[in-house]
Amino acid sequence: MIVVDRVTFAYETGGAPALRGASLTIREGEYVGLIGANGCGKTTLIRQLNALLLPAEGSVTVDGLDTRDRAAVAEIRRRVGMSFQNPEHQIVGMTVEEDVAFGPGNMGLPTPELRRRVDEALAAVGIAALAGRLPHTLSGGEKRLVTIAGVIATDPRYIAFDEPSAYLDPAARRRVLALIRSLNRERGIGIVHVAHDAREIVHADRVAVMEAGAIRCEGSPRDVLTDREMLRGLGLDAPPAVEIIERLREAGVGVKGGALTLKEAAAEVAAHIRSVAPGGGAEER
Ligand code: ATP
């Protein structure tokens, strides 16, 4: 479990603190979505999770290890992988394969185990065919996948993804989002997923909303992401399904609220149409 407990943090450049008493818990195997307006501190918060930044006040512990304990930092970084917003900042190898081997290579693994980890990570992400490519010749989406393979190869218990769909086209975005879900569901990796677009985190176990350096509220995606007014107040959009249903209700259409995905919204609209159609209701099962 990762426990962020009332963390305060200010960058040395001065200005207002980026974190002001932020608290968040990520349980093992849990998928937590983190959403908030530009500059509210999301990136700063997740950089605290693997000791890239340290709290000025409060504490961050990873499975009981305190990020301020220098002796624990290597183990904390082994447990908590980080996927940065800009993959360019994370690619270090001459080739894709070398890049993916970089993290586990630093862990002093025997060569056969290193080979196995790299091959397995490339396959898991679906980029085995890119193994020999030079990273700078890859597309933005491919670079993102390479950095994710690099994180997987270190076999972390948790991964923090900072806006993993940034710079991706819709197909690459869907692929990356599906990959993150499968890392969580099939490998039991705890996920922190920083998103701007609420649609991306409707499948999370829990959603936390950040405002001005602290967690403003958290709860199930359905509770948090259907609160259109709260999201609007923070300059965020609710998922399209929520917008559609709320607008229909404002227009006097008596659809039931609570849909989070377009599939659910369509089902609600269809149910409403059936219920008001002549002879309607009878067809509802
Ligand atoms: P975005 O959604 O735009 O990525 P964010 O929620 O991730 O934003 P942070 O990047 O954590 O927000 O920034 C929080 C605050 O800290 C902002 O006011 C930002 O200007 C400031 N900040 C971020 N990085 C640095 C830095 N390296 N040096 C100084 N100030 C920084």
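The questions and answers below go through a predicted model.

Visitor: Which residues come nearest to the ligand among the 14 around it?
Guide: Let's begin with the side chains. A polar side-chain atom of Asn 38 is 2.9 Å from an oxygen atom of the ligand, and one of Lys 42 is 2.7 Å from a ligand oxygen atom. Both belong to the group that comes nearest, which consists of Asn 38, Gly 39, Lys 42, Thr 43 and Thr 44.

Visitor: How far is a polar side-chain atom of His 196 from an oxygen atom of the ligand?
Guide: A polar contact here is a pair of N or O atoms within 3.5 Å. His 196 places a polar side-chain atom at a distance from a ligand oxygen atom of 3.0 Å.

Visitor: At what angle do the axes of helix α3 and helix α5 cross?
Guide: Two packed helices are described by the distance between their axes and the angle between them. For α3 (residues 96–105) and α5 (residues 140–152), the axes come within 7 Å. The crossing is right-handed, and its angle is roughly 35°.

Visitor: How many nonpolar, polar and charged residues does the contact of α3 with α5 have?
Guide: From α3 come Val 96, Asp 99, Val 100 and Pro 104, and they meet Val 146, Ala 149 and Gly 150 in α5. Gly counts as polar and Asp as charged, while Val, Ala and Pro count as nonpolar. By class, that gives 5 nonpolar, 1 polar and 1 charged.

Visitor: Is Asn 184 buried or exposed, and which residue's backbone oxygen lies 3.0 Å from a polar atom of its side chain?
Guide: Asn 184 sits in helix α6 (residues 170–187). Its relative accessibility is 10%, so Asn 184 counts as buried. Leaving aside residues up to four places away in sequence, Asn 184 touches Gly 29, Glu 30, Tyr 31, Ile 189 and Ile 191. The backbone oxygen at 3.0 Å from the Asn 184 side chain belongs to Ile 189.

Visitor: What is the phi of Ala 51?
Guide: Ala 51 lies in the loop between α1 (42–49) and β4 (57–62). Ala 51 is buried because its relative accessible area is 7%, and the cut-off is under 20%. Its phi is positive although Ala 51 is a residue other than glycine, with a value near 65°.

Visitor: And what is the phi of Glu 163?
Guide: Look in the loop between β7 (158–162) and α6. Glu 163 has 11% relative accessibility and therefore counts as buried. Glu 163 is not a glycine, yet its phi is positive, at about 45°.

Visitor: Which residues of helix α9 are buried?
Guide: Helix α9 covers residues 240–250 and is followed by Gly 252, whose phi is positive, near 90°. The cover over the buried residues of α9 includes α7 (221–225), α8 (228–233) and α10 (262–276).

Visitor: How far apart in space are Thr 261 and Val 202, C-alpha to C-alpha?
Guide: Thr 261 is in the loop between α9 and α10, and its relative accessible area is 21%, so Thr 261 is partly exposed. Not counting residues up to four places away in sequence, Thr 261 touches Val 202, His 203 and Ala 241. Thr 261 and Val 202 are 59 residues apart in sequence, while their C-alpha separation in space is 7.5 Å.

Key
Residues are numbered from 1 along each chain as its sequence is written. This is a predicted model: local features need pLDDT of at least 70, side-chain atom pairs count only at pLDDT 80 or more; totals for chains, interfaces and linings use all residues. Side-chain values use heavy atoms; hydrogens and water are left out. Buried means under 20% relative accessible area, exposed over 50%, partly exposed in between (1.4 Å probe, protein chains only). Helices (H or I, at least four residues) and strands (E, at least two) are DSSP runs, numbered from the N terminus. Contact means heavy atoms within 4.5 Å. Axes are lines fitted to C-alpha atoms, for helices over the stretch in contact, and angles run from 0 to 180 degrees between N-to-C directions. A crossing is left-handed if the near helix is turned anticlockwise from the far one by less than a right angle, and right-handed if clockwise. A residue is near a molecule or strand if one of its heavy atoms lies within 4 Å of it. A polar contact is a pair of N or O atoms within 3.5 Å; within protein, one must be able to donate a hydrogen and the other to accept it, and residues adjacent in sequence count only if both atoms are side-chain atoms.
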